[in-house]
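This report describes selected local features of one structure, from backbone geometry to side-chain contacts and helix packing.

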2 protein chains.
Amino acid sequence: MSLMRIGEKPEIARLPLFRDMDDAMRERVLSGSFLQVFPPQLTLFERGQQADFLHVLVDGLVELYVSGTGRDTTMKIVEPVTSFILAAVMTDLPYLMSARTLTSSRVLLVPAALMREVIRKDTALMQATMHELALGYRDMVRALTDMKLRQSAERLANHLLEFSAQRGNAWDFELSGEKRVLASLLGMTPENLSRAFGTLKEHGVNISGARVRIEDRAALAAFARPDPLPADR
Amino acid sequence: MSLMRIGEKPEIARLPLFRDMDDAMRERVLSGSFLQVFPPQLTLFERGQQADFLHVLVDGLVELYVSGTGRDTTMKIVEPVTSFILAAVMTDLPYLMSARTLTSSRVLLVPAALMREVIRKDTALMQATMHELALGYRDMVRALTDMKLRQSAERLANHLLEFSAQRGNAWDFELSGEKRVLASLLGMTPENLSRAFGTLKEHGVNISGARVRIEDRAALAAFARPDPLPADR
DNA sequence: GAACCATTTTGATCTTGGTCAAACGGACAG
DNA sequence: CTGTCCGTTTGACCAAGATCAAAATGGTTC
């Protein structure tokens with residue numbers, strides 16, 4: 001039944017979520033799952049559906065979003081290798097977010113029932129799940145405070161600093177995905193994102209196309225006033 | 001060492017978090033904890049501090065908030081009987097939110113180290129913690145989408161509907177706490193909250209002081225366009 | 001290299017919500 | 001009963017961001 005190629009296993013086994021669990025149990029989970037390739041712009045699941053699978057993005061780029069009345073909003077951009085929608089799977093409640101691929105992506109699909117069954121038996125997996133959910137909660141707390149008490153250019157500035165930090169404090173990098181998606185993630189319109197980049201030009205950031213160059217990190221940080229608490233992961 | 005009075009135990013033992021755990025273990029947790037009474041407007045802990053205690057509000061009203069640059073924002077109003085800041089305790093990371101009492105409150109303080117120790121041993125507690133964190137995550141997802149794609153009067157309308165639902169669809173109730181706090185929770189200024197209440201007058205809501213009367217639930221719902229997905233708890 | 005397409009940017013204008021100031025009102029002390 | 005204090009409401013104004021329209025940019029195909 002497993003459509004999973006051997007080559008992927010080490011990467012997945014190294015995930016915080018699966019890292020500490022019993023080897024036999026992990027084998028059981030992985031052999032009950034399947035790896036699928038999806039084209040770009042494909043909807044993986046919709047908000048409101050029963051949570052049938054835990055998803056692990058192995059390769060590509062996935063957007064988690066919510067379509068409200070009229071407009072949509074991007075909640076998270078998932079980069080490999082990361083699991084997503086753990087909370088819905090765990091609680092056996094409907095998905096709160098929809099997911100679509102942004103680029104062609106490979107996704108490991110772990111049947112939710114299997115996941116829940118193994119969690120009950122494997123304490124290490126349960127602990128890892130708990131930890132993962134706690135970190136996810138904290139991410140959301142940060143995102144919400146960001147939205148509530150920062151304005152748009154400041155949010156962009158912080159996002160750039162964080163993004164840079166994620167790639168070893170690179171001062172020169174490419175934005176992944178389209179700007180419209182970034183705008184939605186940051187809670188603004190594409191037009192406004194453009195203007196926000198304009199504002200940041202005067203605070204040490206140079207942009208051309210998708211290429212961002214942080215010319216003056218101190219100036220950018222002074223404008224962004226980043227959270228003094230370090231990121232959790 | 002236990003300052004806990006016998007009278008509180010049944011209520012606390014009935015909490016989803018502690019309900020299913022081993023009786024002896026629960027006894028161990030509760031006897032290692034203490035119940036304290038705090039006056040109104042007292043800071044229980046500050047964002048950035050080490051998470052020393054899991055808190056359980058037994059009686060009173062507590063505000064979780066974040067003080068950013070200049071302004072504050074309310075993240076949650078905790079009503080009894082509820083545990084709070086589970087994620088920080090679980091991960092042994094600093095608090096992301098500060099907490100203050102709004103009214104005189106009784107709080108059970110469970111030492112974080114004790115909590116973490118017992119979680120490791122008691123699978124039922126671990127499972128309950130996991131579940132609680134998942135629900136907390138989902139709460140935050142909802143709050144963030146609310147902030148990102150609804151405008152202020154709409155957020156108020158939804159809050160009123162939810163608040164009403166929490167008390168058995170009462171159409172007539174009192175707001176708990178001050179309006180300034182409600183405004184901050186909903187991500188607006190007190191002035192704007194006033195105007196939002198004004199807007200809702202034309203949509204079936206009557207207000208005088210802290211007393212809210214929903215005269216026309218259908219009209220309010222039409223304006224609020226509430227989430228079709230039911231609340232998780 | 002030219003034409004075409006989608007995305008991004010720019011500009012003008014409008015809406016929402018924030019700010020500041022003043023009036024109002026209810027709770028409480030004297 | 002009356003004055004004081006604090007939270008709330010109202011009003012006038014301002015600023016941030018959304019919307020709408022049009023121009024520019026960049027990549028792709030023929």
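B:Val81 sits in the loop that links strand 5 (72-78) to strand 6 (82-84) of chain B. The model is a predicted one. The peptide bond between B:Pro80 and B:Val81 is cis, with omega about -10 degrees. Chain A has a cis bond from A:Pro80 to A:Val81, with omega near -10 degrees, and A:Val81 lies in the loop between strand 5 (72-78) and strand 6 (82-84) of chain A.

**Backbone phi**

Most residues other than glycine have a negative phi, and most peptide bonds are trans. B:Gln41 is not a glycine, yet its phi is positive, about 65 degrees. The loop between strand 1 (34-38) and strand 2 (43-45) of chain B holds B:Gln41. B:Asp92, also not a glycine, has a positive phi of about 60 degrees. B:Asp92 belongs to the loop between helix 4 (86-91) and strand 7 (98-101) of chain B. With a relative accessible area of 36%, B:Asp92 is partly exposed, since partly exposed covers the range between the 20% limit for buried and the 50% limit for exposed.

**Buried residues and the core**

Is A:Thr101 buried or exposed? Its relative accessibility is 0%, so A:Thr101 counts as buried. A:Thr101 is part of strand 7 (residues 98-101) of chain A. The side chain of A:Thr101 comes to 2.6 Å from the backbone oxygen of A:Pro39. Beyond its neighbours within four places in sequence, A:Thr101 has contacts that include A:Phe38, A:Pro39, A:Pro40 and A:Gln41, and also A:Leu42, A:Leu44, A:Leu61 and A:Val62. A:Gly177 is 76 residues away from A:Thr101 along the chain, and their C-alpha atoms are separated by 11 Å.

A:Leu133 is located in helix 6 (residues 123-149) of chain A. A:Leu133 has a relative accessible area of 4% and is therefore buried. Leaving aside neighbours within four places in sequence, A:Leu133 touches A:Leu86, A:Ala87 and A:Met90 of chain A, together with B:Met130, B:Leu133 and B:Ala134 of chain B. A:Leu133 and A:Met90 are 43 residues apart in sequence, with a C-alpha to C-alpha distance of 9.6 Å.

In chain B, helix 6 (residues 123-149) contains B:Arg142. Why does B:Arg142 count as buried? The relative accessibility of B:Arg142 is 17%, and buried means under 20%. The side chains of B:Arg142 and B:Asp227 are joined by a polar contact of 3.1 Å. Apart from neighbours within four places in sequence, the residues in contact with B:Arg142 are A:Leu96 of chain A and B:Asp227, B:Leu229, B:Pro230, B:Ala231 and B:Asp232 of chain B.

The largest nonpolar core has 110 residues. The members that touch the most others are A:Phe18, A:Phe84 and A:Met115, along with B:Phe18, B:Phe84 and B:Met115. For A:Met115, the contacts beyond four places in sequence are A:Leu17, A:Phe18, A:Leu54, A:Val89, A:Val110 and A:Leu125.

**Helix packing**

Two packed helices are described by the angle between their axes and the distance between the axes.

| Helix pair | Axis angle | Axis distance |
|---|---|---|
| Helix 7 (residues 152-166) and helix 10 (residues 217-224) of chain A | roughly 135 degrees | within 8 Å |
| Helix 7 and helix 9 (residues 190-201) of chain A | about 70 degrees | 9 Å |
| Helix 3 (residues 23-31) and helix 5 (residues 112-121) of chain B | about 175 degrees | 10 Å |

Helix 7 of chain A and helix 9 of chain A pack at about 70 degrees, which makes the two roughly perpendicular. On the side of helix 7 of chain A, the contact is made by A:Ser152, A:Ala153, A:Leu156, A:Ala157 and A:Leu160. Helix 9 of chain A contributes A:Asn192, A:Leu193, A:Ala196, A:Phe197, A:Thr199 and A:Leu200.

Helix 7 of chain A and helix 10 of chain A are oblique to each other, and their crossing is left-handed. Here helix 7 of chain A uses A:Ala153, A:Glu154, A:Ala157, A:Asn158, A:Leu161 and A:Ser164. These meet A:Arg217, A:Leu220, A:Ala221, A:Phe223 and A:Ala224 of helix 10 of chain A.

Helix 3 of chain B and helix 5 of chain B are roughly antiparallel. B:Met25, B:Arg28 and B:Val29 of helix 3 of chain B meet B:Leu114, B:Glu117, B:Val118 and B:Lys121 of helix 5 of chain B.

Methods
Residues numbered from 1 in each chain as written. Chains lettered and ligands numbered in written order. Predicted model: local features only at pLDDT ≥ 70, side-chain atom pairs only at ≥ 80, totals over all residues. Heavy atoms only, no water. Helix = DSSP H or I, 4+ residues; strand = E, 2+ residues; numbered from the N terminus. Buried < 20%, exposed > 50% of the residue type's maximum accessible area, 1.4 Å probe, protein only. Polar contact = N/O pair within 3.5 Å; in protein donor to acceptor, adjacent residues only side chain to side chain. Contact = heavy atoms within 4.5 Å. Core = buried A, V, L, I, M, F, W, Y, C linked by side-chain atoms within 4.5 Å. Axes fitted to C-alpha atoms, helices over the stretch in contact; angles between N-to-C directions. Parallel < 35°, antiparallel > 145°, perpendicular 65-115°, else oblique. Left-handed = near helix turned anticlockwise from the far one by under 90°.
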